[in-house]
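The following exercises concern the meeting of two protein chains. Study the sequence and the model before reading each solution.

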Amino acid sequence: MEALLAQSINLFAAVLLVLAFAMIAQRRILTLIHLFTLQGASLVAATLVVAYLTGQHHLYYSAVITFVLKVVLIPILLHRVIQRLNVRWDVETLFNIPTTMLIGIVLVIFAFNLAAPIASLSASIAHGTLGIALACVLLSFLMMIVRAKAVPQVIGFLSMENGLFFAATAATSGMPMIVELGIAFDVLVGILILGVFMFQIREQFDSLDIRHLEKLKDE
Amino acid sequence: MTFSGLVSQLLEIVLALAFAPLLTGWVNQWRAWLQNRSAPGLLQPYRLLHKLFNKDSVVAETASPIFRIAPYIVFACMALVCGIAPTLSTDLPLAPAADAIALVGLFALARVFISLAAMDIGTSFGTLGARREMLVGFLAEPALLMVLFSASLITQSTSLANIVESLAHAPFAIYPSLAVAGVAFTFVSLAENARIPVDNPATHLELTMIHEALILEYSGRHLALIEWAASLKLFAYSCIGLALFFPWGIANADTPLVMILAVPVLVAKLAVGGMLLALIETINAKMRLFRVPEFLATAFLLAVIALLVHVLLGA
């Protein structure tokens with residue numbers, strides 16, 4: 001049973017990685033939000049398993065916080081934002097999607113190689129998954145780079161936070177409670193501010209394309 | 001070669017030949033139910049085969065011998081694949097004849113011949129279908145190979161029977177790489193079996209058809225063989241997928257008696273698999289042809305991720 005649970009952490013890690021890839025490949029914002037919700041759910045599951053196996057109680061709390069924030073609250077907020085902004089189909093990417101995915105594969109190999117020596121130092125039960133967590137962070141970062149519109153960028157940012165959180169859980173059995181709480185509220189406040197920001201961008205430019213922000217206005 | 005091996009081999013081929021159309025009928029029935037249509041009978045594919053075998057086949061004047069022999073080659077390839085894939089038992093005398101790579105080669109051989117036959121007549125539809133088929137095929141093949149490689153990395157063997165044997169009889173373990181590879185395999189089999197999102201087996205609309213365009217010129221017993229081969233292909237893909245990712249209940253050389261149990265287990269697995277296939281086909285829309293490379297690239301990348309995950313996690 002214990003061995004199966006330990007293996008299931010690897011499975012959730014693989015699910016996180018696949019979902020990160022799916023987000024890169026996805027064109028529709030609505031599906032993107034669903035994928036983000038799923039990613040949050042698998043993160044919660046992984047955290048719960050680690051908590052049970054290591055017997056660390058504060059990981060249960062952080063799983064609960066993750067669930068409330070990333071599976072319930074933030075997806076609802078994002079749904080409301082895209083409803084108000086009326087952007088459900090955002091197809092614009094800077095590169096075409098197959099190219100992006102090929103770059104993603106290179107990033108994954110890079111992350112796996114980078115994490116291998118670090119992971120061998122760690123004694124945590126899920127140290128092998130550090131590479132996957134790093135790959136998730138890099139993939140989300142890639143998504144932020146290649147998307148031109150504001151909403152997918154915000155989702156990329158949130159999914160990057162998922163990867164970081166998973167890295168912390170997997171490699172070090174979680175950060176101190178106070179840090180986790182701090183990050184959780186940072187993310188929540190961040191999404192609120194970014195939501196307001198998105199409305200402002202649209203007010204100003206009649207579009208959510210953040211490339212408009214690169215031009216300076218002379219007035 | 002043992003007696004029980006021979007029996008299981010024969011039983012497997014007979015079962016595949018006899019019940020492949022039934023699987024097609026089952027999938028069609030569920031698809032109709034899920035789409036709120038009244039379903040054709042479960043035996044409809046058999047009736048179709050019976051009708052076609054009794055009809056004369058008309059061959060175009062410009063047809064070369066390739067056109068005539070292609071149905072037989074395609075059918076033989078698919079029957080051989082069904083003999084090699086461990087559906088009931090891993091104790092198969094035919095299994096050493098072809099490992100997983102040769103299996104992909106058999107599918108490729110069938111594809112090359114059906115495409116050649118389609119181009120042979122010289123109609124524009126045939127050429128169009130052949131090109132599309134080759135486009136789908138050359139993208140699906142590496143993905144399929146990668147899926148099989150990630151399974152063979154786990155079990156240290158490229159022989160399909162050995163892979164399934166060691167997966168089925170090892171203590172239960174969760175393999176994240178196999179889970180990812182399973183998703184990739186689903187993508188590939190949807191594309192290879194001409195199913196929705198890639199192709200619609202129930203349409204003759206020239207803008208979208210792939211498989212139907214290939215066989216447009218065939219009639220009579222030739223068409224019957226090709227339809228039968230298509231059923232066999234679906235059956236073989238389902239069985240390979242089930243054997244790789246849900247390998248429980250398959251007999252091996254030490255336990256030939258499990259075979260009696262293996263038949264109902266296989267039937268139950270195929271029944272559930274067929275329902276899931278119908279569900280996938282119902283909730284997805286057919287995609288544009290130019291999106292197909294993206295779809296199959298995703299499958300390939302998933303399979304590569306499966307390999308990488310295996311290398312990283314060792315599972």
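**Exercise 1.** What area is buried between chain B and chain A, and what percentage of it do carbon and sulfur atoms give?

*Solution.* The model is a predicted one, in which local features need pLDDT of at least 70 and side-chain atom pairs count only at pLDDT 80 or more, whereas totals for chains, interfaces and linings use all residues. Residues are numbered from 1 along each chain as its sequence is written, chains are lettered from A in the order in which they are written, and side-chain values use heavy atoms, without hydrogens and water.

Step 1. Buried area is the accessible area (1.4 Å probe) that two parts lose on being put together, summed over both. Between chain B and chain A this is about 1800 Å², and carbon and sulfur atoms give 83% of it.

Step 2. On the side of chain B, the residues that lose the most area to chain A are B:Ile174, B:Leu301 and B:Leu312, together 32% of what that side buries.

Step 3. Contact (heavy atoms within 4.5 Å) joins 17 residues of chain B to 22 residues of chain A.

**Exercise 2.** Identify the residues that form the salt bridge between chain B and chain A.

*Solution.* Step 1. A salt bridge requires a side-chain nitrogen of Lys or Arg within 4 Å of a carboxyl oxygen of Asp or Glu. The count between the two chains is one.

Step 2. The partners are B:Glu294 and A:Arg27, whose closest N and O atoms are 2.6 Å apart.
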